[in-house]
Amino acid sequence: MTAEDSGLNREPDDSFAIQTFDLHKQFGDLVAVDNVNLDIKKGELLAFLGPNGAGKTTTISMLCCLLKPTSGTARIMGYDINKEPYRVKEVIGVSPQDTTLSEHLNSRENLHLVSHLHQIEPKKLKTWSQLMLEKMGLADRAKDQVRRFSGGMKRRLSIAMALIHDPDIIFLDEPTLGLDPQARRAVWDYIARLKGEKTILLTTHYMEEADFLADRIGIIDEGKIVALGTAIDLKTDMIDTHTMVIHAWNITQKMIIEMRHRYDKVEISNGTITISDKKVDFKEIVDRLHDANVTIRSAYIKEPTLEDVFLNITGKELRE
Amino acid sequence: MRFWQLFVRSLKETCRDVIALGFVLAFPLIFMLVLGAAFGDTSPSYTIGVIDNDNSQVSQGFIDEVLPAVPTFEIETLDDPDAALEALRQGDLRAYMVLPEGFGQQVSQVLQGADGNIELDITYDESDLQVSGQIVSTIDTVTRTFAGIDIPITINANPINIETEITNIDFIGPGIIIFGLLIMIPTSGRLMLRDKESRFLHRMLTTPARPWEFIASYSLSMVFIAVAQIVIFILLGRMFGMDIIGSVWLAFAVFLLTAICSIGIGMVVASLSKSENQGESLSWLFSMPLAILSGVWFSSEFMPSYIRTFADIFPFSHAVEAARTVITRGAGFEAISGDFFFLCGWAAVVFVIGTILFSRTMRS
């Protein structure tokens, strides 16, 4: 599966929350975003997965009207980012990659600032901000200046600031970057609760994050969306090699040679045999090993990961 | 109003950052204390030669009564210009002036409302920048005050004509205050540059707030700080003996306009800069030469005309002139209206430019 059709062949469609049309950004000779065409449905959570410098943040910056595209355009809830930037800004909420907060304000004041800029009614504001602080576990620190907060608390407040005005679309740029596993899990749980209610475009270079949260994943590399689909689609469509891992005793050289004749790739290390081929028959391999008096401790078919998908498509490790 | 919320936030950020606020407010305090202590009490003595070619009652009164009333002047009457020049070269005189023939008549005519000007020849060592600047300014002020009375000259007839309180601090005070406000150029853009560097501003730019609202909110919070600075400056100036002969409110208005111009320039610099370091370096590079050229420290009268013309493009030479006119000469609004409106125009233009640059640079 690849990115959407060329922008030239697509008509604006208001049933989509986000549509990009040959969206392109160039800094001098460097192409940061290369004619991206993308449709994101209302209520969908799409994750951009890619290494640092792939063009994820630049794409989001253009969609948030922070950067002007070199060419092409995008529509956010029907508003053109080049022609109606302030209408676009009314319907979006953004949590940037850096947890940028007003450090000498407290968490409630930070929330109120964003709300006022979106002209939320004072009555709603009071209720929403309290609710948001409670949801994010910050209610007991509401009056503390945020410069005294931990990284995890700042990140949660940053996400709350993206949500406080109840936007239609939320951009979350690396929402768990730099968080410890526990804090990351808490943020994931919160984002997961928003699924279906809000359209979310999330960027990450954590494949587990994309796998756990996203309805669809766009793999982005060197400014291009090189693959787009659900995690399962990507793993099944993009990976044509299957891998079986066997932990065993009494492995003989003869057995290994025989396996290498039958399968594309056979590796052995510390009593673990890894067999990869386009077709891997679990039962047949187990039977052969039994017949050769190999004692099997455990055996399983290894599920492909998004890392494998990325490697397969780009020839690079995701964390490079 | 979005602008108001951004302003409240800027003010809170500024006031809660104790170190930054301390720097901004302590600066004028320290500055005025040091310079006030240095120039406030001490009254250096300058020996000034006077050659009276008029020999009228008016010129005699001017020499015998008005000039000696300046505490920093010791007046020596001379007859021969060559002898005066030699005394200047020897260092016995710091300057000498010639009252031309018809001086008394000129003064009388001016006092009666006739057009014209009073001409004085003043000779001094051009390399003696500070002293010569002060002497020229002092003589200028004394002569203007002298000619400003409403009745024909009879010395001591009107207390206004004898300015007894002209001291160093009277002359350098307005300059110090203008300098203090001029250096708001580097300090005023600091919060915006910090927000830029931390990318908080980028976050705010994803909201529907307009560029002018950002510029206005950052600026207004600094105007509050500027008001506090001006009050500190004026109070300390008074403490060190600076007399405000004209209206305090008019002087305050001139200072406030100067501060607004500085803040506006600071906003332009901050809009163009990418980091706090870059912005501050650029601001200092710009503001220090401008301070010197604007006559903050030395009278600009000794400078070549093209430099004065260049300095006059900027608001600060006008601010210095207007402030000195109000503070030391007691002039009213009419006398400084040209400079006043020039400052107003500058403030308006610089904010429009700042807003345009801000909106252009923030979405490149």
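## D166 of chain A

D166(A) is partly exposed, with a relative accessible area of 43%. The model is a predicted one. D166(A) sits in the loop that runs between helix 5 (151–163) and strand 7 (169–173) of chain A. Its phi is positive, about 55 degrees, although D166(A) is not a glycine. Most residues other than glycine have a negative phi.

## M77 of chain A

A positive phi is also found at M77(A), with a value near 45 degrees, and M77(A) is a residue other than glycine. The residue belongs to the loop between strand 4 (71–76) and strand 5 (79–80) of chain A.

With a relative accessible area of 25%, M77(A) is partly exposed, because this class covers values between the buried limit of 20% and the exposed limit of 50%.

## Nonpolar patch on chain B

In chain B, the residues L29(B), I30(B), L33(B), V34(B) and M239(B) make a nonpolar surface patch of about 470 Å². Helix 2 (residues 18–39) of chain B contributes four residues to the nonpolar patch, the most of any element.

One of the patch residues is V34(B), which is placed in helix 2 of chain B. V34(B) has a relative accessibility of 52% and therefore counts as exposed, since the exposed class takes values over 50%.

Conventions: Residues numbered from 1 in each chain as written. Chains lettered and ligands numbered in written order. Predicted model: local features only at pLDDT ≥ 70, side-chain atom pairs only at ≥ 80, totals over all residues. Heavy atoms only, no water. Patch = residues over 30% accessible without salt bridge, like charges linked within 9 Å, V, L, I, M, F, W, Y side chains within 5 Å. Areas by Shrake-Rupley, 256 points an atom, 1.4 Å probe, with all protein chains shown as cover. Salt bridge = Lys/Arg side-chain N within 4 Å of Asp/Glu carboxyl O. Helix = DSSP H or I, 4+ residues; strand = E, 2+ residues; numbered from the N terminus. Buried < 20%, exposed > 50% of the residue type's maximum accessible area, 1.4 Å probe, protein only.
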